[in-house]
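Here's a walk through a two-chain model, with the sequence and structure to hand.

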Amino acid sequence: MKGSETFSTTAGAGRRKGGWSLRRLLDRQSSLGIILMLPGALLLIVFMAYPFFLGIWLSLTNSRIGRMGHFIGLRNFVDLLSDSIFHQTARNTLIYAMVTVPFKAMLGLGLAMVLNNRMRFSNPIRAAVMMPWIVPTALSTLGWFMIFDPVFSPISWLLRSLGLITKNINFLGDPRLAISSVCLANIWRGVPFFGITILAGLQAVPHELHEAAAIDGANAWRRFLHITIPSIRGVVLIAGLLSIIWTFADFQLIYVLTKGGPANMTHIFGTYAYQIGLSATDIGQGAAIALYMFPILSVFAILLLIYLRRE
Amino acid sequence: MVGSKTLGRQVLTLYLPLAFFLVFLLFPFYWMSIVSLKPTNDLFQLKYNPFWVQKFTFENYLYLFQKTEFPEWVKNTIIVSVVSTIVSLVCSVLIGYALARLRFPGSNFLGVGIFLAYLVPPTLLFLPLSQVIVKLGLYNTYWALILTYPTQLIPFASWLLMGYFRTIPKEIEECAMADGCTRMEALVKIILPLSVPGLLSAGIFCFTLCWNEFLYALIFMSSGAMKTIPVGTVSDLIKADVLFWGSLMASAVLGSFPIAILYSFFVKYYVSGLTAGAVKR
């Protein structure tokens, strides 16, 4: 209310001074602010907000690709509740998002503490360890695709030469192993993100704090517990929430490695929505699968927002 | 760092963990590179050590350029990434400036809205968005990607630039405006030149994400010659026969290379951009 009042009074002032000219519009804060927001906002409305609501509508219809269906209420959502593949998908997604994050956080902490040491070649080393996070995931995942291959896997070769196994491991074909394999590739990709964020947190701690504690007789473990951990709690929390959101809504890593197989044991919401909505052309049902992510994503987004607001 | 350390302890607490991380994080790249440099038949030679190359060859790379649509994919990826980055940067500079400097109705609300947009994943939108793209006649054109990528980039880039603009003292542009500059002139002539590091961070962030994007490029580009490198490699180079590994890895290496180089040159800017959101706020 207050906002619109200021808007109208300044607009009135403008008219008194001699009508609407572009220059005046661009010099007045209220109108200029809105004009500057327009180009970006327009893209976000047409290609993000509108599709979001269209998705809600599609999920309430029996649309197929190329044919707009009619309203069927919540049938798509209800049908999914009794779909055993969907149950499996939900379980897989939870494992994929929740199990990988603690590993990424712990390995990331280790990486950050190593990088925080003064050493030679620290800049090239920093650049090198970031690579899994930087390069196109679909392409680096192809490397893992071969590392997990039943015939050419270097891991199998190594274990075989050491005499630990007699037959090659079928990392992606074995239904019990597949989810662990895709989780490993995801952890590999996420460690540098945690590493570099935590490193920034570590570097914000003044050196003197560690030195003073050491002089007072605190050993390395106690310094870790009482100085390091409290100083990085915030960044770990933020990185963790972002990582959960991104992993939960992942697509490409699974698509490249398994396409959801074997026997749907690695399907996550994104890949299952793709399979039903595009491959099987049942776009209404697919939209419903994708929307099942929304409440869970919202919870984590709101947690993140609350935390950032409090800071 | 604290006190003096013996060499033995340094090996245990620094070099051993460092070696572990380097091997774990870089091995897939090493593996991709050596496979791309081997003749295909060597993969089947069980007596060879697979961790090294017995006979170097560039035949996989030649195959890529002569027998596949790889050169087209490179062209497409460059066009889409460059244009999309420019569109995103322009929009983000304007939004970031408006949110950092101007008081206008709804600015708080819009600020939160932009932040939430950062958290909306493509998997939530891709099915309805594909219908929008078809309806607008953008399917299988560059515009499908050029116009949709910014929605993934503008939120973070605006946020980053807003933070950067706030570090520039208001007095500088107020002086310029007192001397007769308009606000827009002050933005272009005074603020932007002072914001080059922030613009670089945001630009590298945008370009990297465009280059790496997978889901939208997979769905919105149907013909082989319109694909981007990640999608073309994944969907067109994996064939039914088993002889594709060399060219597949060669394509993955070449597709990662520009990003790796760009990143190595601008590592400082990328890291400051990446951590700006999470750490500095």
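## The nonpolar core

The largest nonpolar core has 156 residues, and the members that touch the most others are Leu257(A), Ile289(A), Ala290(A), Met293(A), Ile95(B), Ala157(B) and Met249(B). Helix 7 of chain B, residues 142-166, gives the most to this core, with 14 residues. Keep in mind as you read on that this is a predicted model.

Take Met293(A) for a closer look. Leaving out residues up to four places away in sequence, Met293(A) touches Phe248(A), Ala249(A) and Phe269(A) in chain A, plus Leu124(B) from the other chain.

## Where the chains meet

How many residues does each chain bring to the contact? Chain A puts in 88 residues and chain B puts in 80. On the side of chain A that touches chain B, helix 3 (residues 29-59) gives the most, with 19 residues.

## Chain A overall

Chain A is built from 16 helices and 0 strands. Its radius of gyration is 26 Å, while the globule rule gives 19 Å for 311 residues, so chain A is more spread out than a compact globule. Along the principal axes, the C-alpha atoms of chain A fill a box of roughly 90 × 65 × 30 Å.

Buried residues account for 42% of the 311 residues in chain A. If you look at contacts in chain A between residues at least 6 apart in sequence, 65% of them join residues at least 24 apart.

## Helix 10 of chain A

Helix 10 of chain A covers residues 175-203, which is 29 residues. At 1.5 Å a residue this helix should span 42 Å, and its end C-alpha atoms are 43 Å apart, so the two figures agree.

Where does helix 10 of chain A kink? The spot is Gly190(A), with a kink of about 30°, shortly before the proline Pro192(A). Helix 10 is also mostly covered, as 21 of its 29 residues are buried.

## Chain B overall

Chain B comes to 14 helices and 0 strands. For 281 residues, a compact globule would have a radius of gyration near 19 Å, but chain B has 24 Å. The box filled by the C-alpha atoms of chain B is roughly 80 × 65 × 35 Å along the principal axes.

In chain B, buried residues make up 46% of the 281 residues. Among chain B contacts with a separation of 6 or more, 76% come from residues 24 or more positions apart.

Some background first: most residues other than glycine have a negative phi, and most peptide bonds are trans. Now for the exceptions. Gly261(A) and Pro262(A) are joined by a cis peptide bond, with omega at about -10°. Pro262(A) lies in the loop between helix 13 (252-257) and helix 14 (269-279) of chain A.

Phe121(A) isn't a glycine, yet has a positive phi of about 60°. You'll find Phe121(A) in the loop between helix 5 (84-115) and helix 6 (122-129) of chain A. Is Phe121(A) buried or exposed? Phe121(A) is exposed, with 8 other C-beta atoms within 10 Å.

Over in chain B, Asn140(B) also has a positive phi, near 60°. Asn140(B) sits in the loop between helix 6 (122-135) and helix 7 of chain B. With 16 C-beta neighbours inside 10 Å, Asn140(B) counts as partly exposed.

Methods:
Residues are numbered from 1 along each chain as its sequence is written. Chains are lettered from A and ligands numbered from 1 in the order in which they are written. This is a predicted model: local features need pLDDT of at least 70, side-chain atom pairs count only at pLDDT 80 or more; totals for chains, interfaces and linings use all residues. Two residues are in contact if their C-beta atoms, placed from the backbone, lie within 7 Å. Helices (H or I, at least four residues) and strands (E, at least two) are DSSP runs, numbered from the N terminus. The radius of gyration is taken over C-alpha atoms; the globule rule is 2.2 Å times the number of residues to the power 0.38. A residue is buried if 20 or more other C-beta atoms lie within 10 Å of its own, exposed if 12 or fewer, and partly exposed in between; C-beta atoms are placed from the backbone. The expected span of a helix is 1.5 Å times one less than its number of residues. The bend at a residue is the angle between axes fitted to the seven residues ending there and the seven starting there. A nonpolar core is a set of buried Ala, Val, Leu, Ile, Met, Phe, Trp, Tyr and Cys residues joined through C-beta atoms within 7 Å.
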